[in-house]
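User: I would like to learn how to read salt bridges in a protein model. Could you take me through them step by step?

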Amino acid sequence: MKILAIDDENRLLQGLVATVRQVLPDAEVLSYSDVTLASKEVDPKEIDIALLDIEMRGMNGTVYAESLREA
């Protein structure tokens, strides 16, 4: 399982990733603090779960979620 976690607040992102790894230790977690970089590097077709902050610099999490769903 591949999980994408994006939050522009690094402390919150680290806590989210730690929690996901604790609950799903076998999952691969991709974490980004920059949604624009994530959108360039991540293949949406490979993501099983996306945990996105809504208000981020660069792009709204809801807009990015829509682009993931379209893929």
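Analyst: What follows is a short walk through the salt bridges of this predicted model.

User: What is the general idea, and how many salt bridges does a search of the whole structure find?

Analyst: Side chains of opposite charge can pair when their charged atoms come close. In this structure, the search finds 3 salt bridges.

User: Which residues are linked in a network of salt bridges?

Analyst: The network links Lys2, Glu28 and Glu46. Lysine 2 pairs with glutamate 28, with the closest N and O atoms 4.0 Å apart. This pair joins distant parts of the chain, from strand E1 (residues 2-6) to strand E2 (residues 28-32), and its members are 26 residues apart. Lysine 2 also pairs with glutamate 46, where the closest N and O atoms are 2.8 Å apart. Here the partners are 44 residues apart, and glutamate 46 sits in the loop between helix H2 (35-41) and strand E3 (49-52).

User: Is lysine 2 buried or exposed?

Analyst: Lysine 2 has a relative accessible area of 17%, so it counts as buried, the cut-off being under 20%. Glutamate 28 is partly exposed at 41%, and glutamate 46 is partly exposed at 42%.

User: Where do arginine 69 and glutamate 66 lie?

Analyst: Both are in helix H3 (residues 61-70), 3 residues apart, or about one turn of the helix. Arginine 69 is exposed, at 61% relative accessible area, whereas glutamate 66 is partly exposed, at 32%.

Notes
Residues are numbered from 1 along each chain as its sequence is written. This is a predicted model: local features need pLDDT of at least 70, side-chain atom pairs count only at pLDDT 80 or more; totals for chains, interfaces and linings use all residues. Side-chain values use heavy atoms; hydrogens and water are left out. A salt bridge is a side-chain nitrogen of Lys or Arg within 4 Å of a carboxyl oxygen of Asp or Glu. Helices (H or I, at least four residues) and strands (E, at least two) are DSSP runs, numbered from the N terminus. Buried means under 20% relative accessible area, exposed over 50%, partly exposed in between (1.4 Å probe, protein chains only).
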